[in-house]
Amino acid sequence: MRTAIGIEAKYQFRGYHGNFSMLWSLVQADVSVRMCAYMGLDISEFVRHDLEEHEREIIH
């Protein structure tokens with residue numbers, strides 16, 4: 001569901017129930033980085049180098 005501050009979802013999966021929410025600012029940042037990556041543009045300025053390798057993966 002769209003709200004004034006972001007996206008909210010309730011889910012049920014294999015007996016588990018949960019909630020998910022994402023602020024619009026985070027949605028915009030994530031979409032921008034993914035679009036640049038898909039277009040083959042340099043996204044190195046968006047990658048945190050203080051994280052472990054598996055935490056740095058943006059698109060998978």
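Residues 24 or more positions apart account for 7% of the contacts (heavy atoms within 4.5 Å) in the chain with a separation of 6 or more. The model is a predicted one, in which local features need pLDDT of at least 70 and side-chain atom pairs count only at pLDDT 80 or more, while totals for chains, interfaces and linings use all residues. Residues are numbered from 1 along each chain as its sequence is written, and side-chain values use heavy atoms, with hydrogens and water left out.

**View 1. The whole chain and its elements.** Of the 60 residues, 10% count as buried, where buried means under 20% relative accessible area, exposed means over 50%, and partly exposed lies in between (1.4 Å probe, protein chains only). The accessible surface comes to about 5,600 Å², and 56% of this belongs to carbon and sulfur atoms; such areas come from the Shrake-Rupley method with a 1.4 Å probe, and for residues only the protein chains shown count as cover.

**View 2. Confidence along the chain.** The average pLDDT, which is the predictor's confidence in each residue from 0 to 100, is 85 for the chain, and 85% of the residues score at least 70. Confidence is highest in β1, at 95, and lowest in helix α2 (residues 53-56), at a mean of 62.

View 3. Strands β1 and β2 pair in the antiparallel sense over eight bridges, and two strands are said to pair if DSSP finds at least two bridges between them. F13 has Y16 in β2 as its bridge partner. Two residues lie between the strands of the hairpin, and R14 is found in this loop between β1 and β2. Although R14 is not a glycine, it has a positive phi of about 50 degrees, and R14 is exposed, with a relative accessible area of 72%.

View 4. K10 has its place in strand β1 (residues 6-13), where it stands opposite N19 in β2. When its neighbours within four places in sequence are left aside, K10 is in contact with G18 and N19. The C-alpha atoms of K10 and F20 are separated by 6.3 Å, the two residues being 10 residues apart along the chain. K10 counts as exposed because its relative accessible area is 75%.

View 5. Helix α1 covers residues 24-38, and its 15 residues should span 21 Å at 1.5 Å a residue, which agrees with the 21 Å between its end C-alpha atoms; the expected span is 1.5 Å times one less than the number of residues. Within α1, V27, V33 and C36 are buried, and the buried residues of this helix pack against β1 and β2 (16-23). Just after α1, G40 takes a positive phi of about 80 degrees.

View 6. The side chains of D30 and R34 meet in a salt bridge, at 3.0 Å from N to O. Side chains of opposite charge can pair when their charged atoms come close. D30 and R34 both lie in helix α1, four residues apart, which is about one turn of the helix. D30 counts as partly exposed because its relative accessibility is 27%, and R34 likewise counts as partly exposed, at 27% relative accessibility.

Technical notes. A salt bridge is a side-chain nitrogen of Lys or Arg within 4 Å of a carboxyl oxygen of Asp or Glu.
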